[in-house]
Amino acid sequence: MRRFYFLITLLLIGVLALSACASGGSPTDSSGAAAPSDAAADTGADTASDTTSDAAATEPQTGGVLTAAISADPQGFDPHLTSAYSSFEVLENVFDTLVSIDENLNITPSLAESWEVSEDGLTWTFKLQEGITFHDGSDLTAEDVKFSYERILDPDVGSGASWRLANVESIEAVDDYTVAITLNAPYPGLLAKLAGYKGMAIVSSEAEDLERMPIGTGPFMFVEYVPGDHVTLMRNENYWETDAAGNALPYLDEVVFRPIPDETVKTTNLQTGEVDWVDSLPPQQVNSIADAGDVMVDVVTGGDYWYLGVNLNREPLGDPLVRQAINYAINKEDVAAAARWDTAVASDNPIPAESAWNSGYAPYEYNPERAKELLAEAGYADGFEVELMPSSQYEETVRAAQVVQAQLADVGVTATIRTLEWGTWLEEQGAGNFDIYVGGWIGNIDPDDYFYAQHHTGEIFNFTGYSNEALDVLLDEGRAEADPDVRKGIYDQVAQILIDDSPYVYMYIPATVNAWQPNVHGVQARPDSAIRFKNAWMSQ
Amino acid sequence: MSSLSMTDRHAPAPPLSERRRILRRVANNRLALLGAVIIVLLIGLAVLGPFIAPYPPNEINMGARVQPPSVAHPFGTDDFGRDVFSRVLAGARVSIYVGLVAVGISLLAGTSLGLISGYYGGWADEVIMRAMDVLFSFPAILLAIAIVAALGPGVTNAMIAIGVVYTPIFARITRGSVLAVRKEVYVDAARSIGSADRRILLRHILPNIAAPIIVETTLSLAFAILSEAALSFIGLGAQPPDPSWGRMLSEGRSFIQQAPWIGIFPGLAIMITVMGFNFLGDGLRDALDPKLKQVLENG
Amino acid sequence: MLRFIVRRLLTTILVILGVTFISFLIIHLVPGDPARIMLGLNATEEKVAEVQRAMGLDRPFIVQYGNWLADLLRGNLGESFITGQSVTQAVVERLPRTLTLAGAALVIALLIALPAGIIAALRPRSPAAYFATIFSQVGVSIPDFWMGIMLILLFSLTLRWLPPSGYAPFSESPLEWLRHLILPAVTVGIVSGSVLTRFVRSAMLEALHQDYVRTARAKGISERHVVLRHVLRNAMIPIVTVTGLQLAGLLGGVVIVEVIFAWPGLGRLALDAVQRRDYPMMQGAVLFVALAFALVNLLVDILYAYLDPRIKY
């Protein structure tokens with residue numbers, strides 16, 4: 001039997017290279033600040049290393065209430081039901097997953113202290129830590145894990161995360177502290193699907209009403225939610241994890257989340273000290289706020305990418321030459337700058353350059369002449385008309401669309417913009433009523449996350465209508481391949497096919513930006529945008 | 001309004017036609033005159049804007065982002081490097097369009113409903129006015145979102161929503177005025193010679209109740225421009241890259257500290273235009289009111 | 001009077017029913033599906049259909065409305081599609097906050113409008129009158145979101161006098177409650193006060209030129225007495241009407257200010273509900289806005305009758 005202990009599994013997962021500033025020590029005190037541009041690199045590097053060195057220099061203090069400003073009201077607290085980032089910002093601190101993911105996107109043990117996979121790659125066996133309790137005092141057992149995953153898979157529950165368990169055949173509680181997951185095909189990427197995303201949270205099998213009273217095993221316990229105003233979490237005195245020195249975690253007494261919808265107002269709240277931490281800054285102010293030095297700013301390249309989704313069923317967009325022409329026609333640097341100022345990098349490739357999974361394939365440069373040639377070759381020398389569909393929900397898509405529109409005009413393509421309100425946008429995207437939509441994929445970790453659901457024939461998120469047998473075969477192989485080198489080779493091919501064929505016109509990779517008061521320590525912006533206050537503490 | 005023009009009413013009637021008297025009152029009211037001048041200027045800008053503008057309003061120049069006002073860019077550039085001055089000029093057209101669509105709808109629908117309601121009374125009145133109450137007690141912005149979501153985005157649909165929201169006000173004003181003149185001698189006379197209701201409404205009643213409607217129209221034009229700004233705030237106003245003042249202002253709010261000119265110039269344009277309509281509306285009210293009152297007193 | 005009130009109550013109920021029906025109709029006509037929004041980007045068509053069934057969205061529209069009405073009569077407004085929270089509880093929690101904001105704004109508006117409008121009418125050529133006119137014009141032509149942010153940058157960021165946003169319950173700290181209330185209330189109050197100033201001024205002018213004022217003046221009664229006893233009292237009637245309309249309008253009109261100031265009121269609840277297609281929540285919010293609106297109008301009418309003895313119902 002071939003065994004994969006958790007350290008080995010690090011290799012299965014995309015490891016974002018650390019930037020030079022990182023101390024390179026143990027994962028918990030390295031900053032992981034991989035900055036997307038020179039300007040941002042300065043701010044990211046400076047502030048992040050400042051805070052981490054502070055954190056290292058002083059003994060963490062216990063106590064205090066941290067007030068965190070978030071952009072929107074949470075939309076429900078049942079981790080298996082909600083899909084809103086604002087909900088997960090809270091739930092991240094209330095629940096744990098079977099395995100976790102650190103700030104460098106390495107898989108780490110969590111509720112499961114170790115695991116192994118059978119030689120045929122079909123059975124994964126997880127050993128749970130003993131003595132972990134839920135917030136209601138009940139013990140965490142294998143039954144809870146089984147219950148949680150089966151709940152996610154239950155069609156009547158309607159969890160949006162069920163696709164993450166798509167290959168799972170059954171889940172068995174072998175004994176109180178051992179869980180076996182049987183797959184119908186080998187799938188080395190399973191751990192990445194179980195980790196990180198709190199939609200995979202382990203809940204108590206006795207939980208009555210997660211929506212109103214989310215009971216988890218996490219560092220903080222849910223106290224109250226006053227809609228439109230705040231969510232309060234309280235320290236879990238019985239939390240199972242300790243820091244390196246053996247002190248109990250978490251350090252904070254309470255965390256209070258305040259939704260503040262307007263970005264300028266949210267920023268003012270940070271600058272005036274009304275809140276201790278914010279989940280984002282207006283992109284155009286990141287540098288000036290970081291330079292002012294009153295607050296700590298951390299910028300880190302994430303696993304997100306923003307792109308144009310091209311409807312292949314519409315003429316002339318079905319022609320790959322036309323899609324390549326669009327790639328050449330767009331100055332992606334301008335698009336990134338318009339959308340996010342210095343906090344995004346233009347990219348032909350959805351996987352960030354810092355990632356070990358990046359193939360370096362980026363064939364397009366801004367070349368309107370080449371675009372015109374390709375259009376002429378495709379029989380559209382005089383251009384054509386096309387509609388761009390951004391959503392008012394994500395202002396950056398509207399901003400990107402305006403630059404794309406102007407640049408398409410330079411090669412004779414007349415683009416109009418139809419900005420839709422979120423509910424309508426989702427409906428139109430689902431129904432295929434678009435020429436080109438402007439969208440993003442958020443929180444990708446494993447290379448499979450970047451490509452499979454988006455481009456595999458017949459997949460639910462394949463809104464472009466792309467279908468390529470050779471690619472399907474590669475994607476299926478990539479899922480099942482255990483050897484990281486072979487796997488890398490497969491995904492290099494996948495990236496090349498998709499970038500050449502361009503059902504998605506990749507535009508840019510944004511950074512996650514968090515900011516906080518100088519007296520807050522032990523927090524950092526993470527590439528997966530997870531918000532964790534487990535190690536946070538405040539100096540008095 | 002000045003107290004002088006009010007006392008005019010009690011002096012012996014001047015040998016001027018009614019219309020010229022009103023015109024003179026408007027002309028004597030400095031603010032109303034100012035309002036009229038502003039609106040003429042606005043229309044002038046809308047017509048001539050494309051010829052004056054130094055740049056195409058939607059021309060993106062990422063190499064010249066957020067530049068402060070200068071000779072090359074008198075109002076500076078926005079965060080896409082677009083010339084704010086050219087965009088403010090082009091925005092005049094959008095603003096006039098916004099006003100015309102929104103007020104056109106509420107004026108047409110509201111006045112017709114108000115006429116019917118006031119003239120016929122009874123059941124028709126009850127049904128129409130309660131329907132107006134329903135519309136009126138609906139939170140305006142929610143109705144607008146719903147209508148935009150249903151009809152699709154764009155400044156026209158946004159303004160249809162605003163027009164619908166404002167219909168009850170026109171209906172109420174019209175109805176009230178109709179009630180006041182319904183029993184007038186000339187209405188009775190027209191009825192006694194067998195004129196059709198339609199003719200009575202359009203030829204005899206409408207001209208005599210025009211004053212408050214005209215005033216409300218000018219005031220609603222100002223309201224429509226502000227409403228477009230409010231809808232832009234939630235992303236449902238004019239479609240980008242169209243340079244509506246409301247959208248420019250709303251986008252400029254995140255640059256107040258860094259590049260205030262992005263929001264301030266369209267903001268000033270809105271303010272001046274809204275003031276223009278309000279001055280004119282108030283001036284008209286002052287000038288027309290005595291006439292309306294006379295009519296009321298005679299009835 | 002009693003007959004009038006009874007009749008008004010009946011029509012009010014009809015109007016409110018109308019409002020709920022229209023909002024129910026519109027939200028169902030609007031594209032975008034609560035099931036799809038709830039499931040987010042990760043929704044399959046089957047999942048959407050399942051959730052629709054669970055929510056009762058697959059039934060005919062009129063049946064859904066009927067069910068909603070039946071539940072309403074039992075005092076049950078249902079539960080949020082998104083958070084499962086009780087709609088009644090959410091609305092009852094938030095209505096007072098919006099009333100607080102609207103009420104405070106109205107007080108500020110009147111504090112501005114009464115003196116400004118009266119001076120503008122009594123001393124039409126004075127600098128104070130011009131100032132009042134300019135103020136009311138400027139105030140009315142600045143969109144509230146812009147005014148709000150300017151006030152926040154000035155009073156919170158630069159001067160550090162007041163918190164930029166948020167809400168503090170009165171029961172916990174009256175001082176904090178007040179500090180959080182001031183900026184949003186002033187934002188709304190300035191706009192509202194500008195509108196009211198113009199009405200106060202024209203109502204005063206109207207009253208000034210009534211015959212009884214001339215008579216009183218002719219009798220040699222002091223100007224002060226004339227203004228206070230005759231002019232103001234008569235001008236109050238239209239002022240009360242417009243003030244009532246303003247207050248009613250504010251109940252649904254403070255939405256954007258609530259967003260800017262992160263004020264947890266009914267307007268923001270309704271806005272979120274529409275955007276998320278949370279039908280029950282949206283219905284509940286619209287119902288209460290309409291109720292409050294109708295109630296204010298009713299009060300104005302009654303006050304009207306009280307102020308003006310000539311009005312008989």
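Reader: In what kind of crossing, left-handed or right-handed, does α13(A) pass α14(A)?

Author: A left-handed one: that is how α13(A) goes past α14(A). Keep in mind that this is a predicted model.

Reader: How do I read the geometry of a helix pair like that?

Author: Two numbers describe a pair of packed helices: the angle between the axes and the distance between those axes. Here, helix α13 (residues 447-455) of chain A packs on helix α14 (residues 469-480) of chain A at an angle of about 140°, and the axes lie 10 Å apart. Angles over 145 degrees would count as roughly antiparallel, so α13(A) is oblique to α14(A).

Reader: Which residues of α13(A) and α14(A) meet?

Author: From α13(A) you have A:Pro447, A:Asp448, A:Phe451, A:Tyr452 and A:His455. Facing them in α14(A) are A:Leu471, A:Leu475, A:Gly478 and A:Arg479. Sorted by class, this contact has five nonpolar, two polar and two charged residues.

Reader: Let's step back to chain A. How many helices and strands does its secondary structure come to?

Author: Chain A comes to 15 helices and 20 strands. It has 540 residues, and 59% of them count as buried. Take the contacts in chain A with a separation of 6 or more: residues 24 or more positions apart account for 71% of those.

Reader: On to the interfaces. How is their size usually given?

Author: Often as the accessible area lost when the parts come together. For this model, let's go by residues instead. In one interface, 34 residues of chain A are in contact with 40 residues of chain C. On the chain A side, β10 (254-259), α6 (263-271) and α12 (422-431) each give two or more residues. The largest share, six residues, is from α12(A). By class, that side of chain A has eleven nonpolar, 14 polar and nine charged residues.

Reader: And how many residues do chain B and chain C bring to their contact?

Author: Chain B brings 34 residues and chain C brings 39 residues. Among the chain B elements that supply at least two residues each are α1 (3-8), α5 (122-136) and α10 (210-233). The largest share of that side, eight residues, comes from α12(B). Its classes are 22 nonpolar, seven polar and five charged residues.

Methods: Residues numbered from 1 in each chain as written. Chains lettered and ligands numbered in written order. Predicted model: local features only at pLDDT ≥ 70, side-chain atom pairs only at ≥ 80, totals over all residues. Contact = placed C-beta atoms within 7 Å. Helix = DSSP H or I, 4+ residues; strand = E, 2+ residues; numbered from the N terminus. Nonpolar A, V, L, I, M, F, W, Y, C, P; charged D, E, K, R; others polar. Axes fitted to C-alpha atoms, helices over the stretch in contact; angles between N-to-C directions. Parallel < 35°, antiparallel > 145°, perpendicular 65-115°, else oblique. Left-handed = near helix turned anticlockwise from the far one by under 90°. Buried ≥ 20, exposed ≤ 12 C-beta atoms within 10 Å, placed from the backbone.
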